[in-house]
Structures are given as structure tokens and as C-alpha cells.
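Let's walk through this structure together, one kind of contact at a time. Keep the 3D view open as you read, and pick out each residue as it comes up.

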Amino acid sequence: METKILSTSEYDIALAGEILRNGGLVAFPTETVYGLGADALNDEAVKSIYRAKGRPSDNPLIVHIAEKKDIIPLVKEVTPTAQALMDNFFPAPLTIILPKSDKIGNTVSGGLDTVAIRMPQSKTARALIRAAGKPIAAPSANTSGLPSPTRARHVIDDMNGKIDAILCGEDCEFGVESTVITLATDTPTILRPGAITKEMLERVIGPVAVAPAVLEGMKNNEVAASPGMKYKHYAPKARVMLVNASKEKYESFVNAKKDAFALCFENDDINIPKVTFGKENDDISQAKELFDALRQLDEMGAKKVYARIPHKDGVGMAVYNRLIRAAAFCIIDLEKPFTIGLTGQTGAGKGYVGKYLKELGFHILDTDLYARRVTEKNSPYLSILAKEFGNDIIENGILNRQLLADRAFASKENTELLNSITHPAIIELCKKDAEFPSVFDAPLLFECRGNEQCYKTIAVIAPAEIRKKRIMERDGITAGQAEARMNAQKSEEFYKENSDFTVINDGRDIKNQIRNILEEIL
């Protein structure tokens, strides 16, 4: 297909309008990002949008109108809340979701009973809609999943040869897609943040909720009620990881990396190859430059990118929302004292995994060693333990560890009692010694809530018979004693459900499993 490259002259806009009336596809500038438009009332034309983008058909589209009155035939009712938003904002980078009328087909709505509608602020966009004489369904004019286009050349790179025409106009003013708010719920809810912020909306219509998927991602089997809600979106070809850190910590962390790029703010002092996206305290500049910066990284051949995390307030929420999806929700949190939590069943081989991580350069915080410090000779905790488990566990000021273990692991209640006494002190000692990168090695990671200090957790599991044999050989105890220790722990299912990653130690290549995990989270 030959794609016509058009200007924004009256003649070319009229030509683009004719292409749309005839069922064709036209890319055009808006104040947010470039859109890929088709006649919203022509189901076959709308389907061609999905084909051109490679976009899943369950992802709904936004319908663009030129005048406020144009919304009336497209929805069942313009509610008072919708009218208030239109009166105060339209034209604007704001999309309103309402129950749809029969004029809106299932393709545009992604099979939902609602429709998303906005009146763009861009004069060029509204002129095109008038020239077409039709409402225009338009997602961003890019290959699905890649960064949205904010400049004409981005659209040409992605869509040339796939669509009928491209209106090459101005660079986009805001740089991120419109705010999407649904009015089809009891409380108006933001499904996608943009330049119209939560605070701005609440000044007009009162309380506004933010969908959990905005900052945390969609749950399994959750239906996308708005564009941009998918798990991974807006992503360059490079692997992006967000780094939650102060300016100084971020600079130190990134400058120590090799074969990597930084996606940072203008004033960050970075020694490795970098691309900036605005100023640290200027979320408007961040929004405007983000997608172009992501595309620049691909042009520079970046394979691995460490991105400075933006704040989540105001327009910053929109920037964070786009970046967290570009990174597929991978965050390296330098503000937490532990980087990786390592836990698992006794006898499963957690110690071996810890040794391998140490070889790879991780600082190991072994809670077993800290537990010995907490219960060393004349420790103040010994008297507390003696009161709960018997005075005979202390001999000449020294803890009889085997005797304590026999009693503490005799029941889950006793195990929980021991943990409640020793865990707080162990956690505090670990915090003092933590440095990046660290591994918090804790058999009872979840029980002591140490996972709250970790951005990712790894559990090591193994078959019961293998574990029992290892425990007996390791500790020189009987089969009954080994089984008592095993029974005092959580089940294999518990570790699988609560950990981010699971290492299975049943003869498989453990080192390869660990390398694959680290590749994903680091």
C-alpha cells in the first residue's frame, strides 16, 4: 500500500476526510499523541485499525468528536456528571466512558457495553473530524505495544505502507494519551491518567477513584475497560527497568553498570549512555518527552535500560503509568534495605542457592547467623526464651540450641512463639548491615514479614524425602526430629503462591534457574 504523506493544509485535510468517509485509515496529530483514525460507525474500517497496528481486538478504541453535541447519538444518555465534565473541559485531553448507543459497534467498544469518547483540543484533529463528517475511532498511530508517537516521523516509521495517509503536523503538546474516566461505575473512576489530573476532575464532580490497574497492573482475567490498561504497553525494544531511588543513589547505581543505558532527568549526573525525559520536578516536561525518549533508546541500540522513577502525583501519575508498563512492572527498589528475599523449606537447598548468589556478588544477610548473635552468651533474650521454653535450655549462660529446637518445633504454636521473640531483633540487625545488592536469607521470610523489605522474593523447594534425608545428614538428627522440623513449616503450595519466583531443587540445574530469575528481575 502506498501511504500519502499530507500536510495540515485545508486541501490535504479535506482529502484526508474523504479517505476516512471511504473507509480508509488516516493518521493525524492531536494534543496528546498521533492517532490512527477510521470512521467509527464503519465496522470494517475499524477492524482495519487493529490489523494495521497488530492490536488485540479486545482493547477498546476512543471515539473522537468535533463538537460537544456530537456525543448525543453515540451514548444512551449524557448524564449530569458527563455534562459537567464536558462543560468544564471539552475540548481537552480527556476521555469520558458512558454506556453506548446502538450506533456504536462491538469492534469499537472491544465487546463492552460502553464507549469512550473525547473532543480533542487540537484544531487539526477537529478540522479532520468535520471534514470526514463522521466520528473518528482512533488509538495511537503506532505498532501495538511500542511507544506512542508524538512526532510525525514516529508515525512514518511505524505506519508507512500500512495505512492510506498520514497528516504530518505539529509535535504533540502533552506527549501522553488522554485521561480516561469511566462514568459507568458508582464512583467516577480514572482508568488511565493523563494531563487532566485527578485533582482537576474532583474540583468539578467531587470524589474520583483511581483504578488499581493504573499503578499496579491488571489482574488475571480482568477485562480492559480502557486503552492502555494491558500489562506491558508503550515499550521500546530495549529491556526497561525502573529504579526507585534518590538522585544520588540512582546515579551511583547506574554509573556502576556496563553495557546499559540510563533513562533519566536532565540534571542527573550520568556517565553511561543516556537519554533524558524532562526535568526532575517538572512532570509536564516528562510527559511531553517520554515517548520520544523511549524511541531514541531503540535508535541508539540500547538493550538494557535503567529508568529513573517519576513521582505519582498530578501529571506524574500519567508518566509513571506509562513507564511502569514499558518496564512490564519491573522495579529495582534501592529505598528498601533488602533487594532479594530468599526463603524456602528446610532441607530444600536454600544454603546452596545463597552461596551461588554470593559468588555472583550479592551481600548475603543470613538470618541464621543473626539468630546466633541474638541468642549468644548472656544475651538479654535468653531469659525471655527460658521463661517460655524452660530454664533448662540455658546452661552456664549458654543456650542449648538443640533442646530449644526440639521444644520450639514440637508444634506450630511453639514455633510462632519463638519467632515472635527473636524475629524483631534479627530484622533490626539485618537492616543495619544491608547494602546493595543484598539477599535477605530467611527461612521464615513471610512469617517475620521480611518480604515487606524485599522487592522480589525467591523460594527454594524440594521433594519431602530428599529434604528429610538432607536434614538428617546435615544436623545429625533422627528421622522423627527431621519430620518435626518439616511439619513446623509452611507447605510447598504456600511458598509457590507467596513468592515471586520458585527454584525447584530435585536434580534440575539450579544455577541456570537462578540466572534466568536474575535476568528477569535485575
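Helices (H or I, at least four residues) and strands (E, at least two) are DSSP runs, numbered from the N terminus. This is a predicted model, in which local features need pLDDT of at least 70 and side-chain atom pairs count only at pLDDT 80 or more, while totals for chains, interfaces and linings use all residues. Residues are numbered from 1 along each chain as its sequence is written, and side-chain values use heavy atoms, with hydrogens and water left out.

Glu465 and Lys468 both sit in helix H17 (residues 464–475), three residues apart, or about one turn of the helix. They form a salt bridge, with 4.0 Å between the closest N and O atoms; the term stands for a side-chain nitrogen of Lys or Arg within 4 Å of a carboxyl oxygen of Asp or Glu. How does burial look for the two partners? Buried means under 20% relative accessible area, exposed over 50%, and partly exposed in between (1.4 Å probe, protein chains only). Glu465 is exposed at 56%, whereas Lys468 is buried at 16%.

Side chains of opposite charge can pair when their charged atoms come close. How many salt bridges does the rule give here? The count comes to 25. One of them joins Glu31 and Arg118, whose closest N and O atoms are 2.7 Å apart. Glu31 lies in the loop between strand E2 (26–28) and E3, and Arg118 in strand E6, so this pair ties together parts that are 87 residues apart in sequence. Both Glu31 and Arg118 are buried. Lys249 and Glu335 also meet in a salt bridge, at 3.6 Å from N to O. Here helix H9, which holds Lys249, is tied to the loop between strand E16 (331–333) and strand E17 (340–344), which holds Glu335, and the two parts are 86 residues apart in sequence. Lys249 is partly exposed at 40% relative accessibility, and Glu335 is partly exposed at 41%. There is a network to find as well: salt bridges that share partners join Arg151, Arg153, Asp171, Asp292 and Glu299.

Next come the aromatic rings. Rings of Phe, Tyr and Trp (its six-membered ring) pair if their centres lie within 6.5 Å; planes under 30 degrees apart count as stacked, over 60 as edge-to-face and the rest as tilted. The structure holds four aromatic pairs. Phe253 and Tyr306 make an edge-to-face pair, 5.4 Å centre to centre with 90 degrees between the planes. This pair links distant parts of the chain, 53 residues apart: Phe253 is in helix H9 (residues 247–255) and Tyr306 in strand E15 (residues 304–308). Phe253 counts as buried at 8% relative accessibility, and Tyr306 counts as buried at 3%.

Phe265 and Phe277 give a tilted pair, because their ring centres are 5.0 Å apart and their planes stand at 45 degrees. Phe265 is in the loop between strand E13 (261–264) and strand E14 (274–276), and Phe277 in the loop between E14 and helix H10 (283–299), so the pair ties together parts that are 12 residues apart in sequence. Phe265 is buried at 2%, and Phe277 is buried at 0%. Elsewhere, Phe446, Phe494 and Tyr495 form one aromatic cluster. The charged end of Lys490 sits over the ring of Phe494, 5.4 Å from its centre (the rule asks for NZ of Lys or CZ of Arg within 6 Å of the ring centre and within 35 degrees of the ring normal).

Strands E13, E14 and E15 return in an open sheet of five strands with parallel pairing, in the order E14-E13-E15-E12-E16. Two strands pair if DSSP finds at least two bridges between them. Which strands are at the edges? E14 and E16 are, each pairing on one side only. E13 and E14 pair in the parallel sense over three bridges, and Val275 in E14 is the bridge partner of Leu263.

Finally, look for the nonpolar cores, sets of buried Ala, Val, Leu, Ile, Met, Phe, Trp, Tyr and Cys residues joined through side-chain atoms within 4.5 Å. The largest has 45 residues, of which Leu36, Leu94, Ile96 and Leu201 touch the most other members. Elements that each supply at least two residues of this core include strand E3 (35–39), helix H2 (43–53) and strand E5 (94–99). H2 gives the most, with five residues. A second, separate core of 31 residues includes Val240, Phe261, Val319 and Ala326.
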